[in-house]
Amino acid sequence: MEHPENDSKYIGLQVNGGVAQPPVVNPYLQHRRRRMATPAELVEGILKGDITMLSRAVTLVESLVPEHQAMAQEVIEKCLPYSGNSRRIGITGVPGAGKSTSIDVFGLHVLKGGGKLAVLAIDPSSERTKGSILGDKTRMEKLSVHPDAFIRPSPSAGSLGGVARKTRETIVLCEAAGFNNVFVETVGVGQSETAVHSMVDFFLLIQLAGTGDELQGIKRGIMEMADGIVINKADGDNVHRAQLAQAQFKSALQLFPPTASGWKPEVLTYSGYYELGIPEVWDMIDRYFDYVKGNGYFFRRRQEQARYWMYESINEQLRDHFYRNPEIETVLPNLEHEVLADRLSSFVAARKALDLYFNIKPTNG
Ligand code: GDP
């Protein structure tokens with residue numbers, strides 16, 4: 001008997017027969033494996049401004065699979081003739097400076113004038129946290145639902161150089177898809193500004209007032225890169241402090257050597273949250289573009305950037321090829337150990353690794 005409890009000697013006890021355990025996976029679920037679009041299809045879609053195709057192409061750019069990378073390069077190459085036609089604006093500031101709030105309102109302001117806006121990001125910390133904070137749609141509430149905005153978080157895998165290269169390639173794809181405004185966001189805490197600076201036309205530094213030591217803790221190098229400094233949260237009680245910070249930044253900038261563009265970086269105050277002073281910030285950026293297009297610096301800078309990225313790509317690939325070589329991977333920990341134990345000098349160890357590398361016979365592929 002299946003249920004002995006149902007025997008008549010157990011009065012008042014009744015166990016019902018159960019139902020069969022349903023399968024864990026719904027059998028009606030259709031497994032629709034998406035066919036991978038060919039590079040030609042991706043290019044066609046991108047040139048039509050198809051966001052799905054653009055996203056797929058960006059995913060290929062970010063992929064670590066060699067086959068995807070080859071496809072991505074093909075797409076980029078075909079898109080290149082249609083790229084370059086945008087204002088590339090770098091935006092940096094420490095966490096909490098108000099980057100996402102500001103990008104949301106700056107973005108809407110820009111889009112009011114028509115056109116399309118791509119928001120990309122370079123987030124060096126994403127490598128460690130395995131998830132990127134910057135460029136996250138949830139942080140830009142209004143832009144994220146705007147039909148003419150494309151928001152893409154930072155590529156997350158690889159070195160800063162690798163992450164930056166991917167963002168730069170994504171700019172090409174976005175421009176080919178008709179995005180005539182590109183924001184590249186980064187955290188103002190280190191090397192990533194240099195990477196962003198090397199791919200944008202205008203570099204905006206968002207600062208905060210009210211700490212009493214505005215100029216401390218901000219690296220001189222970052223200020224030197226800035227084409228505009230904007231002091232956020234100039235609202236309520238904070239207006240006066242923001243103006244004070246503005247004066248301090250202005251006088252600090254006077255001590256800096258003239259910029260390569262001849263443009264004198266401006267310092268403005270605004271409030272991203274209360275949307276105060278936003279058109280003024282944008283007027284400054286418009287004036288900058290007029291100025292550098294007028295004196296030829298705009299094109300010079302882009303050419304310098306193109307050259308920079310050529311060498312960066314070479315460096316990155318050489319480094320990758322070296323460190324990914326299985327023989328090198330085996331020998332490096334031993335050499336490191338010898339160096340740390342003072343049995344080998346750093347230079348001799350490096351030489352040994354390089355000698356080995358240069359003598360390794362290349363294999364096909
Ligand atoms: P992010 O980390 O640089 O992206 O900074 P967020 O945009 O997330 O802003 C950090 C905090 O500052 C949030 O709580 C915002 O609401 C606040 N905030 C941003 N802009 C302003 C502003 O203009 N005025 C004031 N009072 N608060 C702001």
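The paragraphs below go from a residue in a strand to several charged pairs.

Keep in mind throughout that this is a predicted model. The side chain of threonine 92 reaches the backbone oxygen of threonine 186, at 3.3 Å.

Turning to charged side chains, the structure holds 14 salt bridges. One of them joins lysine 78 to glutamate 74, with the closest N and O atoms 3.3 Å apart. Both residues belong to helix α3 (residues 66-79), and because they are four residues apart there, about one helical turn separates them. Lysine 78 is partly exposed, at a relative accessible area of 41%, and glutamate 74 is likewise partly exposed, at 36%.

Another salt bridge is formed by the side chains of arginine 287 and glutamate 266, at 2.6 Å from N to O. This pair links distant parts of the chain, since arginine 287 sits in helix α11 (residues 278-294) while glutamate 266 sits in strand β7 (residues 266-269), 21 residues apart. Arginine 287 counts as partly exposed at 40% relative accessibility, and glutamate 266 is partly exposed as well, with a relative accessible area of 22%.

A further salt bridge connects aspartate 320 with arginine 324, whose closest N and O atoms are 3.6 Å apart. Here aspartate 320 is partly exposed, at 32%, whereas arginine 324 is exposed, at 54%. Finally, salt bridges can also be followed through a network, in which Arg165, Glu169 and Glu316 are linked.

Methods:
Residues numbered from 1 in each chain as written. Predicted model: local features only at pLDDT ≥ 70, side-chain atom pairs only at ≥ 80, totals over all residues. Heavy atoms only, no water. Polar contact = N/O pair within 3.5 Å; in protein donor to acceptor, adjacent residues only side chain to side chain. Salt bridge = Lys/Arg side-chain N within 4 Å of Asp/Glu carboxyl O. Helix = DSSP H or I, 4+ residues; strand = E, 2+ residues; numbered from the N terminus. Buried < 20%, exposed > 50% of the residue type's maximum accessible area, 1.4 Å probe, protein only.
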